[in-house]
Amino acid sequence: MKILVLGSAAGGGFPQWNCNCTNCNGVRKGTINARARTQSSIAVSNNGVDWVLINASPDILTQIRANPALQPARAIRDSGIAAVMVMDAQIDHVTGLLMLREGKKKLNLYCTDSVWDDLNHGLPLVPVLSHYCGVERHAISPAAAGDTTSFAPIEVPGVAGIRFHPLPLKSKAPPYSPHRANPQMGDNNGLLIENIETGKTLFYAPGLGEIEPHVQAAMEKADCVLVDGTVWTGDEMITLGLSQKTAADMGHLQLSGPGGMIELMDSIGARRKVLIHINNTNPILNEDSAERASLAKHGIEVAFDGMEISI
Ligand code: MLT
Ligand code: MN
Ligand code: ZN
């Protein structure tokens, strides 16, 4: 099973169009050792031809161009993307759906009820797409009535050999969601992606606000974790004068300090540990920074666009 990192940055990408922070300015001018990154998305395949796109970023067209494996060219109009699964209804994870509007069949979309609701109201991409390819929705639903920690496993037709185990996470619904201040199961989700033949798994969660026991368990089970590396400190955006929001306000756990992601990574034992959804303010983007060196000491990698993980 192959996991392809299409985009490793948080919303805004790196560099962000209007940002002149040390990182954005530095990567633009080539004065720091860092690579540009597109917005958060991965693709998964077992045979290298048929793919499930996990999150559809506003950069999807650039990402498809950069990854020819997603375009097997079997017919005059064709795509290797058999279905799209979205983890939440955030702009950086769903607006790429609009770019897939030329599809010849309805777009297969896997999402929870909460996300489906947002995509029909707060950010009504589904009604808009009904004027183009249309959307065939496949529900991500609780495994059993009353189960609040797991969703039923999913196998996507046409993408053999992979089982998806979505799980609900505590993070934040988008600002345009009626659930923003009133969290619901399914607002934000993670995914344990299983290679059916080997039983090996990768845990993917680009937005992780709080580590609940079922999340810790999934991370301790996975052979590889690919998780929220948005910010180094909780008040990073505030200190730089870029925002009034803390990481927690946005539903992200900071990397450093007590209760941070590095501490959590240390607690889950030996397995491959990779950070994704990196905000452009995060000092780890500078490959020569002390923060990046500290990650290496903890055995933690930083995802980059085009990174391939085999499980
Ligand atoms: C987030 O995860 O908080 C987002 O990246 C916000 C955004 O898309 O602007
Ligand atoms: Mn995001
Ligand atoms: Zn910046």
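In the predicted model, aspartate 118 touches Ala89, Leu123, Pro124, Pro174, Ser177, Pro178 and His179, residues up to four places away in sequence being left out of the count. Aspartate 118 belongs to helix α4, which spans residues 113-120. Its relative accessibility is 2%, and it therefore falls under the 20% limit for a buried residue. Alanine 36 is 82 residues from aspartate 118 in sequence, and the two C-alpha atoms are 30 Å apart in space.

Histidine 179, one of the contacts of aspartate 118, is located in the loop that links β7 (162-169) to β8 (188-195). With 4% relative accessibility, histidine 179 is likewise counted as buried. When neighbours within four places in sequence are set aside, the contacts of histidine 179 are Ser114, Asp117, Asp118, Ala173, Gln184 and Asp187.

The manganese ion (ligand 2) is coordinated by Asp92 through OD and by His277 through NE2, at 2.1 to 2.2 Å. Aspartate 92 is part of helix α3 (residues 91-94), whereas histidine 277 sits in the loop between β11 (272-276) and α9 (290-297); the pair therefore ties together parts that are 185 residues apart in sequence. Aspartate 92 and histidine 277 are both buried, the relative accessibility of histidine 277 being 5%. The backbone of histidine 277 has a positive phi of about 60°, although the residue is not a glycine.

A positive phi also occurs at asparagine 55, a residue other than glycine, where the angle is near 75°. Asparagine 55 is placed in the loop between β3 and α2. Its relative accessibility is 0%, so asparagine 55 counts as buried. A further backbone feature is the cis peptide bond between phenylalanine 14 and proline 15, with omega at about -5°. Proline 15 lies in the loop that runs between β1 (2-7) and α1. For reference, most residues other than glycine have a negative phi, and most peptide bonds are trans.

Strand β4 (residues 81-85) has four of its five residues buried, and is therefore largely enclosed by the rest of the structure. It pairs with strand β3 (residues 51-54) in the parallel sense over four bridges. Within this pairing, isoleucine 54 has methionine 85 of β4 as its bridge partner. Between β3 and β4 the chain passes through helix α2 (residues 60-66), and this β-α-β crossover is right-handed. Strand β4 is also joined to strand β5 (residues 107-112), by two bridges and again in the parallel sense. Here methionine 85 stands opposite tyrosine 110 of β5.

Strand β10 is mostly covered, with five of its five residues buried. It runs parallel to β9, to which it is joined by four bridges, and leucine 202 stands opposite cysteine 224 of β10. Together, β9, α6 and β10 form a right-handed β-α-β unit. Strand β10 also runs parallel to β11, and five bridges join the two. Valine 225 has lysine 273 in β11 as its bridge partner.

The largest nonpolar core comprises 35 residues, and those with the most contacts inside it are Phe203, Met219, Val227, Met261 and Leu275. At least two residues of this core are supplied by each of α1 (22-29), β7, β9 (201-205), α6 (213-221), β10 (224-228), α8 (261-267) and β12 (300-302). Helix α8 gives the largest share of the core, four residues. Methionine 261 touches Leu208, Val227, Asp228, Leu253, Gln254, Leu255 and Leu275, not counting residues up to four places away in sequence. A second, separate core of 30 residues includes Met85, Ile162, Leu191 and Met307. Methionine 85 of this second core is also the residue of β4 that pairs with isoleucine 54.

Cysteine 19 is buried, with a relative accessible area of 6%. Cysteine 24 is buried as well, and its relative accessible area is 0%.

Technical notes:
Residues are numbered from 1 along each chain as its sequence is written. Chains are lettered from A and ligands numbered from 1 in the order in which they are written. This is a predicted model: local features need pLDDT of at least 70, side-chain atom pairs count only at pLDDT 80 or more; totals for chains, interfaces and linings use all residues. Side-chain values use heavy atoms; hydrogens and water are left out. Buried means under 20% relative accessible area, exposed over 50%, partly exposed in between (1.4 Å probe, protein chains only). Contact means heavy atoms within 4.5 Å. Two strands pair if DSSP finds at least two bridges between them. A crossover is right-handed if, with the strands pointing away from the viewer, the path from the first strand over the helix to the second runs clockwise. Donors are N, O and S atoms within 2.8 Å of the metal (3.2 Å for Na, K and Ca); water is not among the atoms, so sites may look incomplete. A nonpolar core is a set of buried Ala, Val, Leu, Ile, Met, Phe, Trp, Tyr and Cys residues joined through side-chain atoms within 4.5 Å.
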